[in-house]
Structure formats: C-alpha cells, structure tokens
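This report describes the fold of one chain, the surroundings of a ligand and the contact between two chains. Please read it alongside the sequence and structure shown below.

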Amino acid sequence: MSTDTDTKVAIRDLYKIFGPRAAVMTEHVRAGMSKDDLLDRHGHVVGLRAIDLDVTAHHIQVVMGLSGSGKSTLIRHINRLIEPTAGEVLVDGVDVLGMTQQELREFRRSKASMVFQRFALMPHRTVADNVAYGLRVQGIDRAESAERSRHWIDRVGLTGYEDYYTTQLSGGMQQRVGLARALATDAEILLMDEPFSALDPLIRTDMQDILLDLQSELHKTIVFITHDLEEALRLGNNIAILRDGEAVQIGTPQEIVMRPADDYVAEFIKDINRGRAIEVASIMESGHVNGAPEVDAGAVLDDALQSLIGAGAEVATVTRDGKPVGSVRLERIAAALARPD
Amino acid sequence: MELFDKFPTLGDQELRDLKKAIDRGFRDFSRSHGEAIENFFDPLLQFLVWFERLLQTSPWPLIVLAVAVFAWLGARNWLVVVGTVAAFLAIGYLGMWRDTMATLAIVSVATLICIAVGIPIGIAMARSDRVQAAITPLLDVMQTIPSFVYLIPVVMLLGIGKVPGLIAVCIYALPPIVRLTNLGIRLVDREVLEAADAFGASYTQKLFGVQIPLALPNIFAGVNQTIMMSLAMVVIASMIGVKGLGVPVLRAISNQYLALGLMNGLAIVVLAIIFDRISQGFGKNLQKHRRDEHRH
Ligand SMILES: Nc1ncnc2c1ncn2[C@@H]1O[C@H](COP(=O)(O)OP(=O)(O)OP(=O)(O)O)[C@@H](O)[C@H]1O
Ligand SMILES: [Mg+2]
C-alpha cells in the first residue's frame, strides 16, 4: 500500500509535437520557439512542451487550461493513447512508453481507466453491458461481469436502468454510466477528460458530489481535466495550469488563488468567489489573542467573517484540530476578499 | 501536318496481331488451367445444383410457408407477409414457379458468396488506407465495365453453365457490400473506438465488439444492394446458361413475345421488392437501440 505522499504518475520533460517531422521540430521547441511561430514557420503544432508533473497517489490532480492548451493531449499520454515526441511517463516507477503492446493493453485493462467528455458509450450495448465492458475485455465471464456491473450501477445511482440503451438516457445519466464503467475495472488510476463539462451546472454539481463521495471511500489517483476553476478548486488537491502546451503553474488550490504565477493564471481566478475559495490558513498570521472567537484553519473566508461579525470581534484565533495555530484579523480578511489587480 | 489530320494508329496488321496474341495467350491459359479452375469451383456447383433442386422439388406450400416465415422475421409486418404470399401464389399460378425457384437459388447462393467474400475484403479495406486505395479502383472497374465484356473471359475459362453465370453475377453484385462494409466500419464514432482502446481492447475485440456491430446498418444496406444487383443480373446471366426467369425473358426478346416478357420481367421485379423489404427489415431489427431514443 502506498502512502499519501507517494508519486503515482510521474511525467518527465514531456514534449508532443503534431506533424510529420515532429522529432526534428522538438529542437526548435526546446530552443524556445513559440507555438504560433512553429505553426507559421514549420506548419507543426505544439501539443505539449517540457511538462514535468508528479501526481500524488490517492489525490485528485486537476489540469486546467483554455481550449487547445493541451489538456486532452496530456491526459492521453498517461495511458499512451498518444505517443509523445520526447519525454517519459512513469506509473508506479514503470515507464509506460517502454511497454509492449501486450503490456500496454494489460496496463489499460487493470491499472488506468478513463472517463470521456462526450461519454463515448457504446450505443449498441445496454447500460449494464456498457459498465461491464472493461471486465468483458479482460476476459471475465458474463456472470461475474454482470454482478460487478450491477454493483457499480448501484453506486452511481442508476439502479433500475440496467437494461436501457444509453441513447435513452439524459447526459447526466450517461456520464454516470461512463463513471461506473471506469470504476468497474478497479483501476487505481482514473483519467477524467472534462467529464462534467457537457452537463448542466446543477447536474455538474451533483456529479462532483458523487465523485467526491466515491473518492472519500475509494482513494483513487485521479487526473481530472476541467476548464472551470470553481470545479478545479472544489475537487483538486493539486492544480496544474496549462497554456499553449506549457505548465505555467502547478500548486495547491490555495497557492493558485493567493499567488497566481502570471497574468494568464490571474485571468483564470479573477472571477471566482474569493470568500468561498480562500481558506483562513492562507492568510493567517502567527501569534494569537486570548479570548478571541475561534475559526478552523480550513474554513473559508466567508465563514470566518461570519464568526467574527457574529462575535463582534476584530480578530479570531485560528485553530487546527482544536489547537490554536495563529490568528486572523478582520482587515486581512477584507483585503484578501478584494479582487487583486 | 499529316500528324494532326489523322490520328496516329498502330498499323492494321500489328493491331490484329496484338489482339490475336492476347486471345491466344488467354486461350492457352484456359486450356492448361481451365480444368483446375473448374475443379476448384466444383463444390460450388454441387451446392448450387443441390439447392436449386431442393427448392424445385419441395412441395410448393412448404416453400410459400418458408418464405412467409422469412418475411415475418425480416419485416415484422403483416402487410409484407401477405403481399409476399400473394406474389408467390400468383407467380405459381401463372406457371413461373420452376423458373422462379431457379432464380431464387442462384440469387441466394450469389448473395451468400458475396457476403462471405465481400465482408472480409471490406474489413481489410477499413483497416488499412493502402488496401483501400488498391481495391477501390478495382471495385470501380467491376461496377462500370459492361457485363458482356467480362462474360467473355469467364466463358472462355469455364464454358457455358451455372458456375460462370454465378461468377458473372458475383462480379457485378460484390462491390456494394465491400464498399458499405468499409464505409460502415470507417464511420464508427472515433470516440467510442478510443474508449475501447482506453479499456485495453485488442484489435479483434474492437472489430467484433464495437466496429462490426456499429457498422451493421451499413453492412445490411450493402447486403440489400447486393441482392438487388444479383437479381438485375439474372437476365444477362441466362445468356450463358443460367436457368431461371431470365431464360423466358431472353426468349421473349428474340421472338417478340410481349406477354411472356412482361410476366417474367414483372416476376423479377416482385422478387426484388420482396427481398428489398425483407432485407431492410433485418437491418432495422439489428438496431434495437435506435428505437424510441431519449425516453428521458
Ligand atoms: N491529432 C492532432 N493533430 C494535430 N494537432 C492536434 C492533434 N490533436 C491535438 N492537436 C492540437 O494540439 C493542441 C492541444 O489540443 P488538446 O486537444 O490537447 O487541447 P485541449 O486543452 O484538450 O482543448 P479542449 O479544451 O478544446 O478540449 C491544439 O492546438 C490542437 O489543435
Ligand atoms: Mg480536450
């Protein structure tokens, strides 16, 4: 069993150039040629550039970026649906790129499963057969597959729909099928390429709840792609932000919100609800005042504000596991709430 | 300026020699290999003869019943069943039963051959762009070359008879099923295939579990086209010794028997309509999932 700080997936100096002479083009990209220049001068597209990323076991690693920034390209390198131009992808220390076709199939069957933006379900199979797909591919017999499929259908709340065809279901229900299909193989790694982007906001929140609920119990290593910062903050233990195939910032949600690396990242966070995104721990100071109201270090600013106003106090003591670890003043909260520019 | 007034041609003598050489070459080839080729096709001949005799010697009510069941299984529609039965009774009543059975036999066998040969070719084409590029022009030739032209080498090789007739029908009827199998597989949603890959499916698991099932509507459209085209070839095939509804049509043409020609021609049309409805029905039944979409 791996501990919490183990690296499950390690991506090392990864490059992906699209085009017939990709290998040659890597030299230009390494020398610093921009995505636009490479396209204009050589007709090749930069998919990824010098990506280094460690995905911690049992964490949700979010990958964010605008359309075309390389998110889908990156996640498809982890199960080698896309071959890199240069670089390494290590899963549990094993180089995915060194695997034979047979080993790779085995890896995809048992180690990493995937959820797709547009569901990618099989329209000629029922819900139960879709969920059982990964198991049938592994050669598990019909009866056992059906049994395990039923279990996961139940876990995503689709009991009663086993015999429906997927085209008869709403988008939210279809993605539950997609999630159940990915979970059914018991893979340790879950690759999710914008799984909730095609859904209505309310359904999207539902699906996030389902995912968090399952994760609190299953402790998968999840790579989750989104272009929605609220979603990223809600789900991610860690967030990587891509621009033009390059990772411009990698950090915890609090780091991203409090210290955006550049204007591109700042643009992402400018419209978020800071009162609900920033945690007290991110702005607390050392030392504490006796008799002040207490707030938890993990509380968001809105809640801390509420306690302070409720108690009519100017300063609160920040606690972690009930023990005081610092203090936070009202004006600091106000300053953090104000949008930086 | 003579060059522009008269098209530069090979001399008459040379041209004649060239054609003669080709003919001689092919004749020698058929003399030395004709027997082997005939032996190769012998099982096919046996099967065709057996099947034709089976249809012709079975009691007619049994055949009508079988056809009715088939129509029901395919179309799931009483109107089609009733129409089919009525058509067969009329055909029998008008004295065309034997010929119709012969035609039914050759069309069935030709269709089976086209399916057995065509679907694997279509699959190979879908798998590789190079195979597709090589075979597509061949299919174009098969579809556009006048059938009389390829009758000549077939007859030179195998003489007059059922097998050359069958081969002629198959050459004509094969392209649609090959094309539509290829197309159907290529049209399968890329994302669904990617999902199959992501779950570790092998090539055969993808082919039989995803691509062919999803291509079935197109494959069935191909089967339907193949049946229609082999029926259309029946008259021409009768020129080289295939029995069936084409024979009386040929006789009617050479002797100007209007009624005979019309009756047998219409029988072919009726068979075509029936086959069309039934085979389309089979295609539709295979797509349960397309019925009542979005119930929620
Ligand atoms: N097969 C391909 N051939 C050429 N270029 C490609 C290919 N796949 C992706 N690209 C290019 O690589 C870049 C990254 O694409 P990618 O699909 O990874 O972006 P993304 O961040 O997932 O975008 P989206 O949010 O729209 O899904 C884009 O510029 C895209 O045009
Ligand atoms: Mg994408």
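This is a predicted model: local features need pLDDT of at least 70, side-chain atom pairs count only at pLDDT 80 or more; totals for chains, interfaces and linings use all residues.

Of the 341 residues in chain A, 43% are buried.

**Overall form of chain A**

Chain A contains 15 helices and 13 strands. Its radius of gyration is 23 Å, close to the 20 Å that the globule rule gives for 341 residues, so chain A is as compact as a globular protein of that length. Along the principal axes, the C-alpha atoms of chain A occupy a box of roughly 65 × 55 × 40 Å. Among contacts in chain A between residues at least 6 apart in sequence, those joining residues at least 24 apart account for 66%.

**A six-stranded sheet**

Chain A has an open sheet of six strands with mixed pairing, in the order E6-E7-E8-E3-E9-E10. Its edge strands are E6 (112-115) and E10 (246-251) of chain A, each of which pairs on one side only. On average, and with direction ignored, neighbouring strands of this sheet are turned by 20° against each other.

Within the sheet, strand E7 (residues 189-192) and strand E8 (residues 221-226) of chain A are parallel partners joined over four bridges. In one of these strands, E8(A), A:Thr221 is the bridge partner of A:Ile189. Helix H8 (residues 171-184) of chain A lies across E6 and E7 of chain A and runs at about 180° to E6(A).

Which residues are around ligand 1? They are A:Phe18, A:Val45, A:Gly47, A:Gly65, A:Ser67, A:Gly68, A:Ser69, A:Gly70, A:Lys71, A:Ser72, A:Thr73 and A:His227. Strand E2 (45-56) and helix H3 (71-78) of chain A are the elements that give two or more residues to this shell. The largest share, three residues, comes from H3(A).

**Contact between chains A and B**

In the model, 20 residues of chain B are in contact with 22 residues of chain A. On the side of chain B that touches chain A, helix H9 (190-198) and helix H10 (203-232) of chain B each supply at least two residues. H9(B) provides the largest share of that side, six residues.

| Group | Nonpolar | Polar | Charged |
|---|---|---|---|
| Shell around ligand 1 | two residues | nine residues | one residue |

Terms used. Residues are numbered from 1 along each chain as its sequence is written. Chains are lettered from A and ligands numbered from 1 in the order in which they are written. Two residues are in contact if their C-beta atoms, placed from the backbone, lie within 7 Å. A residue is near a molecule or strand if its C-beta atom, placed from the backbone, lies within 6 Å of it. Ala, Val, Leu, Ile, Met, Phe, Trp, Tyr, Cys and Pro count as nonpolar, Asp, Glu, Lys and Arg as charged, and the others, Gly among them, as polar. Two strands pair if DSSP finds at least two bridges between them. Axes are lines fitted to C-alpha atoms, for helices over the stretch in contact, and angles run from 0 to 180 degrees between N-to-C directions. The radius of gyration is taken over C-alpha atoms; the globule rule is 2.2 Å times the number of residues to the power 0.38. A residue is buried if 20 or more other C-beta atoms lie within 10 Å of its own, exposed if 12 or fewer, and partly exposed in between; C-beta atoms are placed from the backbone.
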